[in-house]
Amino acid sequence: MTTQLAVFALATGVLTGGLFRMLSIPIPAPPELPGLLGIVGIFLGYKLVEALGIGIDLVEALGF
């Protein structure tokens, strides 16, 4: 991932969040720090399992 892409994603998020607030629409994300940290935790857990090479093919395991 490039820095330019990360900055673009952040700017898009800020603009979208501002638009949601101006229109009094609830944001589709946790509005509190613990909720945000939960999302970060999910991402970090995903990356950790990916780095460790642990995985299961759920479709195959269910027999589809």
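**Figure 1. The one salt bridge found in a search of the whole structure.** In this predicted model, the side chains of Lys47 and Glu50 meet with an N-to-O distance of 3.4 Å. Both residues belong to helix α2 and lie three residues apart, about one turn of the helix. Lys47 is partly exposed, its relative accessible area being 38%. Glu50 likewise counts as partly exposed, at 47% relative accessibility; the class covers values between the 20% limit for buried and the 50% limit for exposed residues.

**Figure 2. A nonpolar patch on the surface.** The patch is formed by Leu33, Leu36, Leu37, Val40, Phe43 and Leu44. Together these residues present about 580 Å² of accessible area. Leu37, one of the patch residues, is located in helix α2, which comprises residues 33–52.

Figure 3. The secondary structure consists of three helices and zero strands. The protein chain is more spread out than a compact globule, because its radius of gyration of 17 Å is well over the 11 Å that the globule rule gives for 64 residues. The C-alpha trace spans about 50 × 30 × 25 Å along its principal axes.

**Figure 4. Exposure of the protein chain.** Buried residues account for 0% of the 64 residues, where buried denotes a relative accessible area under 20%. The chain exposes about 5,900 Å², of which carbon and sulfur atoms supply 75%.

Methods. Residues are numbered from 1 along each chain as its sequence is written. This is a predicted model: local features need pLDDT of at least 70, side-chain atom pairs count only at pLDDT 80 or more; totals for chains, interfaces and linings use all residues. Side-chain values use heavy atoms; hydrogens and water are left out. Helices (H or I, at least four residues) and strands (E, at least two) are DSSP runs, numbered from the N terminus. The radius of gyration is taken over C-alpha atoms; the globule rule is 2.2 Å times the number of residues to the power 0.38. Buried means under 20% relative accessible area, exposed over 50%, partly exposed in between (1.4 Å probe, protein chains only). Accessible areas come from the Shrake-Rupley method with a 1.4 Å probe; for residues, only the protein chains shown count as cover. Patches are made of residues with over 30% relative accessible area and no salt bridge: like charges are joined within 9 Å, nonpolar side chains (Val, Leu, Ile, Met, Phe, Trp, Tyr) within 5 Å. A salt bridge is a side-chain nitrogen of Lys or Arg within 4 Å of a carboxyl oxygen of Asp or Glu.
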